[in-house]
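Please examine the structure shown below together with its sequence. The briefing that comes after it is grouped by topic.

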Amino acid sequence: MLAPGALTDTAGGLSGIFASIKTVVTCSDGSGCTTVIISDTQELESRMKGYLGLVLLVLVGVSVLGYLVTYRLQRIITDPLISLVNTMERIRATRDYSLRVGAGRTDEIGILADCFNQMLCEVQTHGEQLHLYQDKLSELIAIRTAELVRVKEEAEATIANRLDAAGQNVTKPVFAGREWTGTPLSQDERRMLYALMDCIDDEVWFISARPGLVMANRTAGETLGVSLSDCLDQEAYAEGFEIYYIDLNKLRRADLPPFCDLQGTSVRRMEVALLTDGDVQRFQLINAEPYRNREGELSGTVFVATDITGQKESTVSQRAVSGRLIEGEESLRKSLAAELHDEIGRDLAAMHIYSESIRNSLPAKTRQRLDDKLCFVHNLLDDMSCKVANIVSELRPPLLDDFGLVTALKALADTVSRRHLIEVDLLVVDEFPPLGAIELSLYRIAQEAINNAVKHSGATSVLLILEKDEKQVRLVVFDNGCGFDPGSHNDTAKRPSWGMTMMRERAESCGGSFSLESTPGKGTRITAIVRID
Amino acid sequence: MLNPVGLKTRFLNYPIRRKLMLIVLVTSVMVMGMTTVIFYVEDMLSFRGHEVEHRRALAEMVCRDTMSAILSNNRAHAEETLQSLAGDPHIQSAWVVCSTAAKYSRHTSGTRGRGGCQRWKQAAG
């Protein structure tokens, strides 16, 4: 019997594939004869080399063939796309919207081309309509222009005829030998103007665009330190009007009206403070209105200066009274809170203790019988204690005194949010050092604004923003409630607004301002700005 | 140095026609190359296996033929049998070894055969 021996190569790895093949066969019949044959792998090598050449040749051939086929087939996809791009480029260059992309396919590119063609069609239609409207508009403008020119010529002819008929019945205001700039006035118009100026108690100034030419009524003339008899328009005076023509160039700078520099500016309304010769401060409200000639050039400006010193004094006085009222209210709140806390709170606590003591001293049977009622009394006392504590807190928030405005506002926001199940957020933009007395005003304004949002607007979200700079503190309260028309709100006959008034008074008593913006259905924004002294 | 980001940007900026051709060509060549390599390796291993099987069958035949010569101590017959392997030009050398580890008969062909024999001797110790 023969048993094949192990076939082993003389080398391993990839190089071993091309190494010699050693074959060992041993006879297993006891003779111990072994046959060994070693053969080379030349045939394998030559075969593999042949294959390698063939494979490379096939790869090159396939690549070339693939390139040719791909080059041909990719045009099916890319040609329509390139056509689309070329058409778009041409449209962009020539603005010719009548160009179209070749269609006829139903794939995605075909749909794209169809949509693009449709879009072009719409653009072209709209463009044509626009041109049509433009032409019509041009025609209309031409017709209207012709009509206007005709009407203007007729009007000018009519005026010329009337002027010819009236002769010298037209005059121009003359001052210091120079012609007054502006539209010539008829005698009647001039008299009307003089009458108007004469019957107004406020200062009325017509200041010409030419510097220094001024027409003024009596009240205005009296404020200037000039001899009024020199400036009086004698012709007007003869007709019963007291009108003055004043040359401001002859006045000292300090004597000029405070609004002379406003000529040609866009300021229409301003308040000025004046110091009279006796060092008495006066306030004026200046209303300015420029007027122009036919060519649209500025001829001059009319100024009406109203003395508002009395109003100012009244406002200051009113503010002082409000401040005192607010102080009194706070003082009253403080004493009331102290009384409630010290007297009622103490009594309630004592009642609680005594009722507990009574309950414990009762015989067991009686206690069992009265237990429900005693529990009710206990709960009632607890409830009353809570209510008193809430009232005390609202009357005089202890957190405001102990921890400052930010902490008190946070507590207020939390309390309102918890009690009314709405979202109340506080955003503090900067760090807040103690601000003294104005903290209480800001807290009350925030408290009133939140209360209004909860009670009247049905808001579900309220946002408080507190920010501060070097000179002032700004408190803004937004809510997303139903809003209202502030115009109708100001009409106190229809709807009293004590809360708003108090907020405004509180802000103004601290030298600040208060504003309210609201639109029906779009919430309310309240802004209080308080000065830091 | 090849910058992958730069290459990608360049490729993305190619016209769509060139991009499409590159994608199709690269995919085709990769598939073709992988198929070729697999075929090549498989054929090589298969061919070598056949060669080994062929040599083993040949060795078994030689072993059977020379067994009687060894038993009758007829070295000339054994060498004659081994000389018959000269017909296969890829056989470099062949031996018949008896149980006493003495080389009883051998056949060697050409320079490559001697080299192969030398390597076998070294491997056998």
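This is a predicted model: local features need pLDDT of at least 70, side-chain atom pairs count only at pLDDT 80 or more; totals for chains, interfaces and linings use all residues.

Residues are numbered from 1 along each chain as its sequence is written, while chains are lettered from A and ligands numbered from 1 in the order in which they are written.

**Confidence in chain A**

- The mean pLDDT (the predictor's confidence in each residue, from 0 to 100) of chain A is 80, and 87% of its residues reach 70 or more.
- The pLDDT is below 50 over residues 1–14 of chain A, a stretch that has 30 contacts in the model beyond near neighbours in sequence. Two residues are in contact if their C-beta atoms, placed from the backbone, lie within 7 Å.

**Contact between the chains**

- In chain A, 39 residues are in contact with 46 residues of chain B.
- Helix H1(A) gives the largest share of the chain A side, 18 residues. Helices (H or I, at least four residues) and strands (E, at least two) are DSSP runs, numbered from the N terminus.
- The chain A side divides into 21 nonpolar, 14 polar and four charged residues. Ala, Val, Leu, Ile, Met, Phe, Trp, Tyr, Cys and Pro count as nonpolar, Asp, Glu, Lys and Arg as charged, and the others, Gly among them, as polar.
- Strand E3(A) and strand E1 (residues 91–97) of chain B run antiparallel and are joined by six bridges; two strands pair if DSSP finds at least two bridges between them.
- Ile37(A) has Ala94(B) as its bridge partner in E1(B).

**A sheet in chain A**

- Five strands form an open sheet in the order E14-E15-E16-E18-E17 (chain A), with mixed pairing.
- Strands E14 (423–428) and E17 (513–518) of chain A are the edge strands, each pairing on one side only.
- E14(A) pairs with strand E15 (residues 461–468) of chain A in the parallel sense over six bridges, and Leu427(A) stands opposite Ile465(A) in E15(A).

**Two helices in chain B**

- Helix H2 (residues 16–71) and helix H3 (residues 75–83) of chain B pack at an angle of about 165 degrees, with their axes 8 Å apart. Axes are lines fitted to C-alpha atoms, for helices over the stretch in contact, and angles run from 0 to 180 degrees between N-to-C directions.
- H2(B) is therefore roughly antiparallel to H3(B) (angles under 35 degrees count as roughly parallel, over 145 as roughly antiparallel, 65 to 115 as roughly perpendicular and the rest as oblique).
- Among the residues of H2(B) in this contact are Val62(B) and Ile70(B), and H3(B) contributes residues including Leu82(B).
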